[in-house]
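These are my notebook entries on one protein. I set out the model first and record what I looked up below.

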Amino acid sequence: MASLIPITEPMQHGLLVPITLDRFQEYIGAFIEFIPLPCGDYMVVAEVQAGLPRNQTASALAGFRVCGIAVLCQPSEIA
């Protein structure tokens, strides 16, 4: 189940899937980068994170520093 991970609000589960490139960019608010996670899911983040605030929830889930809004999704949820 795809989830939006805002910086200061709780995660929003159950995003409508499949998610298109345009929709990812709308959620993130910038050009995006897909980062594969060891579990097989993807963390979708801003391509350029400089100057964005740290996302504590996304960082904890990913196991590395994530800045800005993120989307957590499975490969099958990507259009």
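**Entry 1: elements.** How many helices and strands are there in the protein? I count two helices and five strands, where helices (H or I, at least four residues) and strands (E, at least two) are DSSP runs numbered from the N terminus. I note that this is a predicted model, in which local features need pLDDT of at least 70 and side-chain atom pairs count only at pLDDT 80 or more, while totals for chains, interfaces and linings use all residues. Residues are numbered from 1 along each chain as its sequence is written, and side-chain values use heavy atoms, with hydrogens and water left out.

Along the sequence I read the pattern β-β-α-β-β-α-β. The radius of gyration is 11 Å, close to the 12 Å that the globule rule gives for 79 residues, so the protein is as compact as a globular protein of that length. The radius is taken over C-alpha atoms, and the rule is 2.2 Å times the number of residues to the power 0.38.

**Entry 2: burial and cores.** I find that 38% of the 79 residues are buried, meaning under 20% relative accessible area with a 1.4 Å probe, protein chains only. I then looked for nonpolar cores, each a set of buried Ala, Val, Leu, Ile, Met, Phe, Trp, Tyr and Cys residues joined through side-chain atoms within 4.5 Å. The largest has twelve residues, among them Leu4, Ile19, Phe24, Tyr27, Val44 and Val71. Helix 1 (21-28), strand 4 (42-46) and strand 5 (70-73) each supply at least two residues of this core. Helix 1 gives the most, with three residues.

Which residues does Ile19 contact, leaving aside its neighbours within four places in sequence? I list Ala2, Phe24, Tyr27, Val71, Glu77, Ile78 and Ala79, taking contact as heavy atoms within 4.5 Å. A second, separate core of ten residues includes Ile5, Ala58, Ala62 and Val66.

**Entry 3: strand 5.** I examined both faces of strand 5 and find them covered. Ala70 and Leu72 on one side, and Val71 and Cys73 on the other, are all buried. In a regular strand the side chains alternate between the two faces of the sheet.

Which strands pair with strand 5? Strand 1 (residues 3-5) pairs with strand 5 in the antiparallel sense over three bridges, pairing being counted if DSSP finds at least two bridges between two strands. Here Ile5 stands opposite Ala70. Strand 4 is also joined to strand 5 by three bridges, and these two run antiparallel. In this pair Val44 stands opposite Val71.

Definitions and conventions:
Buried means under 20% relative accessible area, exposed over 50%, partly exposed in between (1.4 Å probe, protein chains only).
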